[in-house]
Amino acid sequence: MSTDVTQPRRPTASQWAAGARPRTLPAAVAPVLAGSGVSAWAGGFTLTAAALALLVSLALQVGVNYANDYSDGVRGTDAVRVGPLRLVGSGVAEPRAVKRAAFACFGVAAVAGLVLVVLTGFWWLLVVGAACVLAAWYYTGGTRPYGYRGLGEVFVFVFFGLVAVSGTVLVQVGTVPWPTWPVAVGIGSLACSILVANNLRDLRGDLAVGKHTLATRLGDRGTRWFYVALVVLAAVAVVVVAAATTWWALLALAGIALLVPAVRRVLGGAQGPELIAVLKSSGTAELTYALGLAVGLLLA
């Protein structure tokens with residue numbers, strides 16, 4: 001007599017890496033890079049604080065990616081996709097394993113954040129850290145995920161723009177000089193462009209499963225012009241930074257230049273898989289933009 005024992009699904013290391021969505025990681029690196037540039041300009045760059053801030057940012061980004069994978073997978077909203085591998089939706093991983101991976105990443109971010117709090121003495125940052133973790137989970141988690149209500153871009157702009165850049169500066173300098181804010185606006189805008197490109201790519205699939213992203217609310221044409229508006233806002237922001245600090249900050253416009261082909265594709269009506277290149281370009285452009293800012297402000 002034989003028994004049929006179902007073996008647990010065990011993703012390979014490469015599948016876990018794909019599930020972490022590495023193309024989104026520039027959104028985690030860029031704010032710390034740009035914020036460290038502001039810190040150098042203000043005379044307060046600290047390598048230890050910058051490294052810890054980077055660890056917090058990367059852990060949160062990977063955590064939110066796994067959390068989205070889990071939540072979308074158990075809801076069945078990943079049934080129609082043209083993007084990269086989703087662990088739960090594709091059936092290669094158990095939902096509970098992906099959920100554990102998400103919370104493990106949140107744990108890493110919490111520990112690194114706690115070390116930063118101890119080093120700086122800014123205990124109120126614990127509240128900010130808790131808000132970051134809650135926002136990461138409830139993007140697509142919980143009974144009323146705000147990512148399904150068209151608010152995902154707000155989360156990205158606030159937490160991977162304003163909070164990440166200003167927090168990076170604060171833990172190094174001890175204060176937040178005002179040029180930090182246009183830097184944060186530029187970084188936040190380009191981080192949003194990554195999500196907009198992603199949601200434009202998935203627009204038809206999201207409509208099919210009832211996932212109400214901002215793209216489904218704006219429609220195809222509105223989403224394309226929103227992408228362009230974010231790129232323009234990032235360009236304006238860097239001009240403001242340069243006027244307030246040093247014209248070397250205009251090196252960040254190299255990142256905007258990289259987006260010219262992406263803007264042409266978006267306005268040219270690229271659909272589905274054709275937008276994967278736009279998604280990749282958006283991540284590369286944000287990282288280049290942040291590097292340009294960091295180098296320019298350091299040269300000042």
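## Close-up views of a predicted model

**View 1. Val183 sits in helix 8, which covers residues 180-201.** Welcome to this predicted model; we start inside it. Val183 has a relative accessibility of 1%, so it counts as buried. Leaving aside residues up to four places away in sequence, its contacts are Ala34, Val38, Val165, Val241 and Leu293.

View 2. With residues up to four places away in sequence left out, Leu293 touches Ala34, Val183, Val238, Val241, Ala249 and Ala252.

**View 3. Helix 5 runs from residue 95 to residue 120.** Its 26 residues reach 38 Å from the first C-alpha to the last, close to the 38 Å expected at 1.5 Å a residue. Among the buried residues of helix 5 are Ala97, Ala101, Cys105, Phe106, Ala109, Leu116 and Val117. The buried residues of this helix pack against helix 1 (13-19), helix 3 (47-75), helix 4 (87-90), helix 6 (125-138) and helix 7 (152-173). Just past the end of helix 5, look for Gly121, which takes a positive phi of about 80 degrees.

**View 4. Asp202 and Arg201 form one of the two salt bridges in the structure.** Their side chains meet at 2.9 Å, N to O. Asp202 counts as buried because its relative accessibility is 7%. Arg201 is buried too, with a relative accessibility of 5%.

**View 5. Asp220 and Arg224 pair within helix 10.** The salt bridge between their side chains spans 2.7 Å, N to O. The two residues are four apart, about one turn of the helix. An α-helix has 3.6 residues a turn, so residues three or four places apart point the same way. Asp220 is partly exposed, with a relative accessible area of 28%, whereas Arg224 counts as buried at 5% relative accessibility.

**View 6. Trp178, Trp181, Val232, Val236 and Val240 make a nonpolar surface patch of about 490 Å².** Helix 10 (residues 214-244) gives the most to this patch, with three residues. Val240 is placed in helix 10; its relative accessible area is 36%, so it is partly exposed.

Key
Residues are numbered from 1 along each chain as its sequence is written. This is a predicted model: local features need pLDDT of at least 70, side-chain atom pairs count only at pLDDT 80 or more; totals for chains, interfaces and linings use all residues. Side-chain values use heavy atoms; hydrogens and water are left out. Patches are made of residues with over 30% relative accessible area and no salt bridge: like charges are joined within 9 Å, nonpolar side chains (Val, Leu, Ile, Met, Phe, Trp, Tyr) within 5 Å. Accessible areas come from the Shrake-Rupley method with a 1.4 Å probe; for residues, only the protein chains shown count as cover. A salt bridge is a side-chain nitrogen of Lys or Arg within 4 Å of a carboxyl oxygen of Asp or Glu. Buried means under 20% relative accessible area, exposed over 50%, partly exposed in between (1.4 Å probe, protein chains only). Contact means heavy atoms within 4.5 Å. The expected span of a helix is 1.5 Å times one less than its number of residues.
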